[in-house]
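Dear colleague,

I am passing on the structure below, together with some notes on what turned up when I went through it. Please look it over before reading on.

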Amino acid sequence: MNRNIIPLFTVALLAVSCGQGSGSNGAAAENTAAPEETAAFVSVVTAAKESVPQTSLYSSTVQANVVNNIAPQSGGRIQKLNVEVGDFVSKGQILAEMDRVQLEQAELKLKNDETELERVRQLLSQGGISQADFEQLELACNVSRSTYANLLDNTVLRSPISGVVTARNYDRGDMYGMAQPIYTVQQITPVKILVPISETDYTRVKKGDKVEITADALPGKSFSGTVNRLYPTMDAATHTFNVEVLVANSKRELRPGMYARVSVNFGDTFNITVPDTAVSKMQGAGTRSVFVIDDEGRAVIKVVTLGRHFDGKYEILSGLEEGDRVVTKGNSTLKAGQSVIIG
């Protein structure tokens, strides 16, 4: 009797233990089930085309439009210096005067030759001299006149342009040695800027195009310039060509040597644009991507090719179509295939 009770009690305990074990495993299975992914809150814009200015920014240096070195043809003593560095001079203004001995001698010879020519002209009319002798004297007088004019130009030195004196290399009384000019005068109304533009844009630039210029030395100011000349050859090393831009500079604010930035507009295109907050860089690659919401309300990654960046937007050259719903906010934690709630 007692031997039968003990086995039955043992069986009951085993049954209870199995039941408890089975319940414990079911609870564990329920606790380890993957939680359902929650939808992300995002903001979107509809991809649409708009006019995009094809503007490029170039760095260059301001140059004088014309640079003249003022010096006589030959050496001599400097008698007068009439201007200083920084002075603005007018075209034809006397800047310096050299020793006048040779000029005065040439002037006396010219006067003598002109007097003699008038005397023989009267003799020619009376038949007192041959035509050949008269022409020989006339030629000698013309040579004297040319010699005097040349000496005058090289004794009384005038500015050939209106501009600013940027260098003076001698003092009064010095002997001009033909090593350096006495003065350097630069025309700064207008100034010019040589802009190195890529050869791929050679056909997109033409004479008369307007450009915008800014200078670091003049913050907050911009200047309008005009393409004046396109250089015909390319730099083999950089594959660029120079475009000469003229700036009126009527207030003389731009000065030669200033660092300048030149904005050149090659025209407008009509492409899709999106806010720059929508564009992300793909990890491990140099490509850019955006999230687009499909018809089922899920996020899809699209690789895009970027164009210009302007006014907080990117031009999209490829990868998007008009009407695509592009995520602009909430994309930093968004995953491909994740459901979204558009707010």
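A residue counts as exposed when its relative accessible area is over 50%, and as buried when that value is under 20%. Please keep in mind that this is a predicted model.

With that cut-off, T203 is exposed, because its relative accessible area is 73%. T203 sits in the loop that links β9 (183-198) and β10 (210-215), and although 63 residues separate T203 from F266 in the sequence, their C-alpha atoms are 9.7 Å apart in space.

The other part concerns two helices, α2 (residues 101-125) and α3 (residues 131-155), whose axes lie 9 Å apart and which pack at an angle of about 155 degrees. That angle is over 145 degrees, so α2 is roughly antiparallel to α3, and the crossing of α2 past α3 is left-handed. On the α2 side the contact includes L103, L110 and L117, and on the α3 side it includes F134, C141 and Y148; taken together, the residues of this contact comprise 13 nonpolar, four polar and seven charged ones.

Looking at α3 by itself, its 25 residues reach 36 Å from the first C-alpha to the last, which is close to the 36 Å expected at 1.5 Å a residue. The buried residues of α3 are F134, C141, S144, Y148, L151, N154 and T155, and they pack against α2 as well as against the strands β5 (94-98) and β6 (156-158).

Terms used. Residues are numbered from 1 along each chain as its sequence is written. This is a predicted model: local features need pLDDT of at least 70, side-chain atom pairs count only at pLDDT 80 or more; totals for chains, interfaces and linings use all residues. Side-chain values use heavy atoms; hydrogens and water are left out. Helices (H or I, at least four residues) and strands (E, at least two) are DSSP runs, numbered from the N terminus. Buried means under 20% relative accessible area, exposed over 50%, partly exposed in between (1.4 Å probe, protein chains only). Axes are lines fitted to C-alpha atoms, for helices over the stretch in contact, and angles run from 0 to 180 degrees between N-to-C directions. Angles under 35 degrees count as roughly parallel, over 145 as roughly antiparallel, 65 to 115 as roughly perpendicular and the rest as oblique. A crossing is left-handed if the near helix is turned anticlockwise from the far one by less than a right angle, and right-handed if clockwise. Contact means heavy atoms within 4.5 Å. Ala, Val, Leu, Ile, Met, Phe, Trp, Tyr, Cys and Pro count as nonpolar, Asp, Glu, Lys and Arg as charged, and the others, Gly among them, as polar. The expected span of a helix is 1.5 Å times one less than its number of residues.
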